[in-house]
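I begin with the charged side chains and then turn to the inside.

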Amino acid sequence: MNPKFKIPGMSIKPITYAIVLSSLAGCSLFADKNTIGGLKDENLEEVKGGLDFANLDHQQVRNEYQELLELVDDQYMKEQIQRRIAGVYMQEGDDNSTKLSAAPKQGYYRDAIQSYVDILEKYPNSPDNAEVLYQLAKAYDMEGQTLNALKMLERLADRHPYYPKIAEAYFRMGDIYFNQQRYTKAEAAYRQTTKMDTGKLTLNSHYMLGWALYKQSKYNKALDSFAYVLNELLMAESQGRVLSKTERPLVKDTLHSITLALVNSDGAEGIEDVDLLDGKFYLWRVYENLGDYYLEKQRYLDSAGTYKRFVSEYRQDVRAPEFYNKLIDAYYKGGFPQEVLKAKE
């Protein structure tokens, strides 16, 4: 080893240092330029050993980190190493959960939880605690400790509003609140996600926001959220994009959610009041879904009235004759012979 190669705050233990630094230098766990793995030195190659984390199990990796931890005096580096040790516990929990999916998950993340809790206690004001809180919330969640997970997420949202994964944190908070039937708080959390996220959570957050509103009997507002989801999916499909395996059933679920909100509010009359649905080429699907629902529930007059409203509003639509037949069928099934005759005339 080149005797000039030094790291501030570290007393050199040649064999262990060379081995662990070699592992850290090639490991993504220390990718940041402000940590050990981010150090650059022309003599770095001279200290590399033949050890690679890929050849070690979780315990061996932690042992290497622990040995390095004992050599470090700098508090920042100590924190970073402890975070990596906790990360290895977390990865071990994930691996065990995947490999042993048939077995109970409780206990897989116990050590990760303790490690992250220790870090928060030792470094309460660290700017890196946002990631610690996020991972700790996940570990609690995986252990079935939902209340503790919620506390960590609330703490994360309160103290680190600009954390890159804050939209996911709000979405998970919304899920927990929703399952606890705390729908007002669920609404607020999901709404935060809709404001922040532009990726995979966008449609789900709008969809769940709709349900949080629905549960509070805010049916018209729920319709706006559901309509957003339906419009995004069907407009994308009309422009040639093939919907994914998760998006296709979401279309069906959203149509059903819109139907339930309409049933509990203004029925077919309320369809035209939803701005995002106004004049859309797929509007017939909303009418059909609502009419079919009423028919299934043996609300024959409501069913016929829904089909009739579509025919009245969209006489020139190619589906108007089909809907007219549907309204005749609804009258027939409901036992309204006079209405059947009038409709046929």
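**Entry 1: salt bridges**

Next I looked up arginine 172, which forms a salt bridge with aspartate 141, the closest N and O atoms being 2.7 Å apart. Here too distant parts of the chain are linked, with arginine 172 in helix H8 (residues 166-179) and aspartate 141 in helix H6 (residues 129-142), 31 residues apart. Arginine 172 is partly exposed at 25% relative accessible area, and aspartate 141 is partly exposed at 26%.

I then found arginine 299 and aspartate 302 joined in a salt bridge of 2.9 Å, N to O; arginine 299 is partly exposed at 35%, and aspartate 302 is partly exposed at 34%. Glu187, Arg191 and Lys218 are linked in a network of salt bridges, and the count for the model comes to eleven salt bridges.

**Entry 2: the inside**

Which residues of the largest nonpolar core touch the most other members? I found that they are Leu230 and Val286, in a core of 98 residues. Leaving out residues up to four places away in sequence, valine 286 touches Leu230, Leu255, Ile258, Leu262, Ile271 and Leu277. In soluble globular proteins, nonpolar side chains tend to be buried together.

Is threonine 254 buried or exposed? I read a relative accessible area of 0%, so threonine 254 is buried. Threonine 254 sits in helix H12 (residues 247-263), and its contacts, apart from neighbours within four places in sequence, are with Tyr207, Phe226, Val229 and Leu230.

**Entry 3: the whole chain**

I counted 16 helices and zero strands in the protein chain, and 48% of its 345 residues count as buried. Among contacts with a separation of 6 or more, 56% are between residues 24 or more positions apart.

Finally I checked the confidence: the mean pLDDT is 83, and 81% of the residues reach 70 or more. Over residues 1-51, however, the pLDDT is below 50, although this stretch has 83 contacts in the model beyond near neighbours in sequence. Where pLDDT is low, the predicted coordinates should not be read in detail.

Key. Residues are numbered from 1 along each chain as its sequence is written. This is a predicted model: local features need pLDDT of at least 70, side-chain atom pairs count only at pLDDT 80 or more; totals for chains, interfaces and linings use all residues. Side-chain values use heavy atoms; hydrogens and water are left out. Helices (H or I, at least four residues) and strands (E, at least two) are DSSP runs, numbered from the N terminus. Buried means under 20% relative accessible area, exposed over 50%, partly exposed in between (1.4 Å probe, protein chains only). Contact means heavy atoms within 4.5 Å. pLDDT is the predictor's confidence in each residue, from 0 to 100. A nonpolar core is a set of buried Ala, Val, Leu, Ile, Met, Phe, Trp, Tyr and Cys residues joined through side-chain atoms within 4.5 Å. A salt bridge is a side-chain nitrogen of Lys or Arg within 4 Å of a carboxyl oxygen of Asp or Glu.
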